[in-house]
Amino acid sequence: MIEITNLVKKYHSKEKLVTAVDNVSLTVAKGEIFGIVGYSGAGKSSLLRCINLLERPSSGSVKVNGQELTGVPERELRKARVKMGMIFQHFNLISSKTIGENIGFALKAAHYPKKKRKARVNELLQMVGLSDKKDAYPSQLSGGQKQRVGIARSLANEPSVLLCDEATSALDPSTTKSILALLKKINRELGITVILITHEMEVVKEICDRMAIMQDGKIVEQGSVYDIFADPKNELTREFTSSILQFDIPDQALEKVEGTLVKVQFKGTTAGEGVISDMLKQYAVQGNFLHGKIEYIQEIPLGIFVLELKGDPVEIKRAIEYIEERTKQVEVLKGVA
Ligand SMILES: Nc1ncnc2c1ncn2[C@@H]1O[C@H](COP(=O)(O)OP(=O)(O)OP(=O)(O)O)[C@@H](O)[C@H]1O
Ligand SMILES: [Mg+2]
């Protein structure tokens with residue numbers, strides 16, 4: 001439902017030309033939660049702002065629900081924009097208006113029927129769990145509550161798409177989780193497509209279905225979140241996934257390793273198959289776990305274990321081959337295989 005093709009966004013400032021979005025193509029399906037990850041300056045916000053044409057792309061195409069938005073006159077664009085809600089890191093609430101008025105303002109701006117506005121505000125406040133804050137002012141709210149208002153406001157005009165620019169970056173981890181849960185609820189219950197920009201892989205891991213990684217205006221990798229975590233191809237992607245999957249084994253522990261050190265990755269159902277215990281039964285080797293964890297990504301397990309194998313080298317070699325056959329993901333970190 002969102003189709004971006006060969007999108008380019010260049011900024012001309014006094015001395016130089018910046019290509020913030022460099023030939024990006026991507027498709028986001030209806031009802032999907034799509035994450036875009038990248039470091040500061042990668043071009044994430046520029047890309048997002050091109051989707052609702054807050055920024056005019058320099059070239060390329062942006063289609064939303066089948067409508068080509070580039071080249072559309074401003075008046076029509078305003079109509080299309082109403083159907084794309086947006087939330088920001090710093091909430092952008094009007095400090096002199098109450099919470100109810102802040103949401104009502106978005107309805108008024110989109111010419112929502114006056115008679116129905118009050119009921120709609122109440123409905124939205126209930127949806128985000130803030131019914132008791134209707135008459136409070138933004139300064140009286142916590143960061144998480146302010147973002148709930150931001151979300152309520154973005155949903156006011158029944159959008160089909162929600163664009164989130166670092167929506168949780170100003171929040172602590174537990175508040176972040178509650179906001180992500182709310183976004184997921186909105187996505188599932190209202191069928192709203194969500195595009196979410198973040199520099200935190202934790203956020204992507206928590207709620208996204210698919211993702212793209214951006215660097216220097218380009219998308220360097222995209223795919224399902226599980227596949228990207230399980231098998232990242234690009235170097236930058238690996239850097240991002242390692243923030244969740246990596247673990248450091250202390251040097252002292254590594255120095256004590258006399259046998260062969262292997263890292264084994266389990267995907268999906270193999271995580272529960274007891275591959276290691278089967279291997280230990282079948283081969284004359286001893287196994288000693290140095291590290292291990294199982295992450296659940298999109299509710300599918302992804303396990304990584306580091307273990308030392310000791311015993312006859314021929315048996316170790318066979319044992320590794322056995323694990324390789326069943327998991328396809330073994331790496332010898334130290335010693336001979
Ligand atoms: N209005 C502008 N005029 C000139 N250059 C701009 C403008 N907006 C962004 N840029 C430049 O475009 C590049 C991409 O910026 P953008 O804000 O899209 O990155 P970002 O990935 O969102 O970064 P951050 O994570 O810091 O928000 C940067 O080099 C930035 O300096
Ligand atoms: Mg940005």
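Tutor: Happy to! Let me begin with a term: a salt bridge here is a side-chain nitrogen of Lys or Arg within 4 Å of a carboxyl oxygen of Asp or Glu. By that rule, the count between domain 1 and domain 2 is one salt bridge. Its partners are the side chains of Glu295 and Lys205, with 2.6 Å from N to O. Please keep in mind that this is a predicted model.

Now for the setting. Domain 1 covers residues 2-243 of the protein chain, and domain 2 covers 251-334. Taken over C-alpha atoms, their centres are 40 Å apart. Eight residues from domain 1 and twelve residues from domain 2 take part in the contact.

The size of an interface is often expressed as the accessible area lost when the parts come together. Between domain 1 and domain 2, about 800 Å² is buried, and carbon and sulfur atoms give 54% of that area. On the side of domain 1, the residues that lose the most area to domain 2 are Lys205, Tyr226 and Ala230, together 74% of what that side buries.

Helix α8, residues 225-230, gives the most to the side of domain 1 that touches domain 2, with four residues. Sorted by class, that side of domain 1 has five nonpolar residues, one polar and two charged.

Terms used
Residues numbered from 1 in each chain as written. Chains lettered and ligands numbered in written order. Predicted model: local features only at pLDDT ≥ 70, side-chain atom pairs only at ≥ 80, totals over all residues. Heavy atoms only, no water. Domains from an automatic or database assignment. Contact = heavy atoms within 4.5 Å. Buried area = accessible area lost by both parts, 1.4 Å probe. Helix = DSSP H or I, 4+ residues; strand = E, 2+ residues; numbered from the N terminus. Nonpolar A, V, L, I, M, F, W, Y, C, P; charged D, E, K, R; others polar.
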